[in-house]
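Let's take a friendly walk through a protein model, step by step. Have a look at the sequence and the picture, and then read on.

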Amino acid sequence: EVTNVGKYNEDMENTAMFINDTWEFSPSWIINAGIRYDDNSRSGDETTFSAGLNKKFNETSHAYFNWGQVFRAPTTDDLFYPYMGNADLVPETGETWTIGYATQISDKTDVNVSYFESNLKDAIRYNPDNNWICENIDEQDKRGMELSVNHEINDNVDLVASYTYTRV
């Protein structure tokens with residue numbers, strides 16, 4: 001008989017601080033930069049950086065490029081969930097970037113298309129070949145693209161459609 005499945009008595013603390021600033025250095029160019037510090041009681045501390053560049057073409061369209069470093073500590077479920085958790089997990093680290101274009105095609109309709117890539121070390125996953133036990137994998141490369149359309153039906157309702165293709 002199995003009792004208390006999904007319950008555990010463990011704790012973890014995470015403190016995070018971040019600073020982000022945006023500079024408009026010409027009427028059509030914007031730079032965004034940030035720094036974040038995480039202090040996790042089980043995974044240690046890490047400082048990560050991010051940056052972005054936005055080029056405005058006109059009042060309704062712009063292109064953008066974003067880059068960032070990744071630090072993701074395992075969650076309490078990743079670490080302690082009965083029969084699946086793994087207390088030996090280490091945090092994911094790596095980099096991610098996105099390049100995209102967004103435009104307003106009418107007063108009520110916006111379209112966004114983007115391409116993204118990420119490279120993670122020690123990626124965290126639940127392994128289907130090992131009873132779904134959580135584990136770190138050496139490296140994970142991910143890339144894909146996304147297309148989204150947002151149409152305002154009225155002041156209270158938006159219709160949103162999105163398609164994402166991801167290859168891991």
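How many residues does the hairpin that joins E2 to E3 run through? The hairpin between E2 and E3 passes through three residues. Keep in mind that this is a predicted model.

**The sheet**

Strands of a sheet pair through backbone hydrogen bonds, either parallel or antiparallel. Here, eight strands make an open sheet in the order E1-E2-E3-E4-E5-E6-E7-E8, with antiparallel pairing. At the edges sit strand E1 (14-26) and strand E8 (158-167), each of which pairs on one side only. On average, neighbouring strands of this sheet are turned by 15° against each other, direction ignored.

Let's zoom in on E3. Strand E2 (residues 29-40) is joined to E3 by 12 bridges, and the two run antiparallel. Across this pairing, Ile31 stands opposite Leu53 in E3. Strand E3 (residues 44-58) is also joined to strand E4 (residues 61-72), by eight bridges, again antiparallel. E3 and E4 form a hairpin too, with two residues between them. You can pick out bridge partners in E4: Tyr64 is the partner of Asn54, and Trp67 is the partner of Ala51.

**Aromatic rings**

A pair of aromatic rings is described by the distance of the centres and the angle of the planes. The count of aromatic pairs in this model comes to five. Two of them are set out here.

| Ring pair | Centres apart | Angle of planes | Kind |
|---|---|---|---|
| Phe25 and Trp29 | 6.3 Å | 25° | stacked |
| Phe65 and Trp97 | 5.9 Å | 35° | tilted |

Why does the pair of Phe65 and Trp97 tie together parts that are 32 residues apart in sequence? The reason is that Phe65 lies in strand E4, whereas Trp97 lies in strand E5 (residues 92-106). Ring pairs also bring in Tyr115, linking Phe65, Trp97 and Tyr115 into a cluster.

**The nonpolar core**

Which residues make up the largest nonpolar core? There are five: Leu79, Phe80, Leu89, Ile124 and Cys134. Leaving aside neighbours within four places in sequence, Cys134 is in contact with Asp78, Met84, Asn86, Leu89, Ile124, Arg125 and Tyr126.

Conventions. Residues numbered from 1 in each chain as written. Predicted model: local features only at pLDDT ≥ 70, side-chain atom pairs only at ≥ 80, totals over all residues. Heavy atoms only, no water. Pairing = 2+ DSSP bridges. Helix = DSSP H or I, 4+ residues; strand = E, 2+ residues; numbered from the N terminus. Axes fitted to C-alpha atoms, helices over the stretch in contact; angles between N-to-C directions. Core = buried A, V, L, I, M, F, W, Y, C linked by side-chain atoms within 4.5 Å. Buried < 20%, exposed > 50% of the residue type's maximum accessible area, 1.4 Å probe, protein only. Contact = heavy atoms within 4.5 Å. Phe/Tyr/Trp six-rings, centres within 6.5 Å; stacked < 30°, edge-to-face > 60°.
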